[in-house]
Amino acid sequence: MIITGQDLRAVRGTRTVLDGVSLEARPGEVLGLLGANGAGKTTLLRLLAGLEPPAGGNVTFDGRAASSIGRAEMGRQLAYLAQGGAVSWPMTVEAVVALGRLPHGDAPTEAAAIARAMAAADTTHLRARPAGSLSGGERMRVLLARALAVEGRALLADEPVAALDPAHQLHTMEVLRAKARDGQTVVVVLHDLTLASRFCHRIAMLSAGRLIAFGTPGAVLTADILAAAYGVTVEAGTRAGETFILPWTRIRTPAHE
Amino acid sequence: MSRSHRWLIPGLGLLVAVLLLGSLAIGYAPLDLKAALGDVLAGRQSLPALVLLQLRLPRALLGAAVGFSLGLTGAAMQGLMRNPLADPGIVGVSGAAALGAVIAFYSGFANAFALALPLGGLTGAAVATALLLALARRGGGTTLLILAGVALNSLCGALTALALNLSPSPYAALEIVFWLMGSLADRSLDHVALALPFMVVGWGLVLATARGLDALTLGEDTAASLGIPLRRLRLLVIGGTAAAVGASVAVAGAIGFVGLVVPHLLRPLVGHRPGRLLLASGLGGAALTLAADIALRLLPIRPELKLGVVTALIGAPFFLALLWRLRREAE
């Protein structure tokens, strides 16, 4: 699914939180959304998921507006993994993951899809546990499995690695990468520069609601752009052809408008 | 689905059926249920037939319907709010229904004709519902609607207190207070005919939200991404709750604790799934209300205790014991 945002604007009360953002997420690619806290990453992701109509500009899915596709069809095509991820009731992990099949309502294939999603997110061993007994990282993986269970054509994830240990951070990024390889359109909000550099095909860098760079990791994750976006200097190197980037010193706190 | 889940609904249904029969069989005048039923079916206007049709049947039917309404809407409100402390009264409709009935009392309409009281209650509930739905239509979120409900409840409570305060005679005030405690005594089939249609519509609206409430477990954004129309979900739950609870309060007064306790009790038995809890909680509410109404008729206390008093007397300690147990399990 090609998700296109054109000249997007979003407001919260009287504050403009996103302005003039145009980008495209393509099938087979992982698009990383980066930027400082409050730069507008989550807002942009919600617009691209069709969860909120933009105050200006438009979002299309394969050239069609969300309204012409319909809620149920959107639910089948596009999975959204929210930030933080609360589970209000202590349902079992398996029941939580099964919610990903809700838009499909297809009982016969349901069990197989749920099992696939739980295996992919390394949560099969948790299947009978109540959601309330999970650690933060385990819960995030369960919610990733829930999103994978949709088996749609696009997967939009808001900070899916925030609470994870290093091994599971790598594992989750590998899962997202594999989904892209299967032809899905993957958009992910990240803070880790090295993960962004290694696993994203393209990166959109936001600063104070504006898109300040959009392109390959090599083109976007430069010292100048990172200094402008985060107010930090970085140390970078390569290992086996891949780049790692570490934030090193603070120049200033990130820009606010 | 585990074994206990599969048998829960039929089991609760059976329990409600048995308690319905029990409610028909137990009363102040001795009644041969079989003979009375025979008379009713044969169309004979015998005394047993009259007792069954005019006294026992309305009481039993209202007990089941009011209890079902409270249990069902309690589960739905808790699901919508994603909070186990929510109860059907939280939307403010029960306060408004009580106020409507109190106005019917106060104005003297209640003495003029028997159905003035429930009609007053329904009018109060309808006004409150219209207000809430208008707010929901304008895009108010769940928190805003609940706060509006709280405000509505306080306003109606204050106006009810004002009516008591200005009451012309202590006897009239006492009558209002007794009515507010909730009871199923001396209701007729007219009451059933008046309230049941609103309740059935309310049940239908609320039961249609099962999938939406399941999805809401993961938050509003995730539910929306699963194709759930959130505004419609709110309208259904709040509109349905208003119809069912408004009608309940209009005919039976305020019956507390059923809508809060029953969903808690049954939630573990449905795997904590808010959608599956709806029907179970409705049946559980019907069973608890019928049982409490049978219990107060069996107690040797006259005049009989008010149903709302008994449900709170059973419900509150039970609730505390439940919290005690949950606390221990959590440790």
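Mentor: 18 residues of chain B are in contact (C-beta atoms, placed from the backbone, within 7 Å) with 23 residues of chain A. This is a predicted model: local features need pLDDT of at least 70, side-chain atom pairs count only at pLDDT 80 or more, and totals for chains, interfaces and linings use all residues. Residues are numbered from 1 along each chain as its sequence is written, with chains lettered from A and ligands numbered from 1 in the order written.

Trainee: Which element gives the largest share of the side of chain B that touches chain A?

Mentor: Helices are DSSP runs of H or I, at least four residues; strands are E runs, at least two; both are numbered from the N terminus. Two elements of chain B give two or more residues each: α10 (210-216) and α11 (220-225). The largest share is four residues, and it comes from α11(B).

Trainee: Is strand β7 (residues 154-158) of chain A mostly covered or mostly open?

Mentor: A residue is buried if 20 or more other C-beta atoms, placed from the backbone, lie within 10 Å of its own. A:Ala154, A:Leu156 and A:Asp158 point one way, A:Leu155 and A:Ala157 the other, and all are buried. With five of five residues buried, β7(A) is mostly covered.

Trainee: Which residue of β8(A) is the bridge partner of A:Asp158?

Mentor: Strands pair if DSSP finds at least two bridges between them. β7(A) and β8 (residues 185-189) of chain A pair in the parallel sense over five bridges. On β8(A), the partner of A:Asp158 is A:Val189.

Trainee: In β7(A), what is the bridge partner of A:Leu78?

Mentor: A:Leu78 belongs to β6 (residues 78-81) of chain A, which pairs with β7(A) in the parallel sense over four bridges. The partner is A:Ala154.

How values were computed. A residue is buried if 20 or more other C-beta atoms lie within 10 Å of its own, exposed if 12 or fewer, and partly exposed in between; C-beta atoms are placed from the backbone. Two residues are in contact if their C-beta atoms, placed from the backbone, lie within 7 Å.
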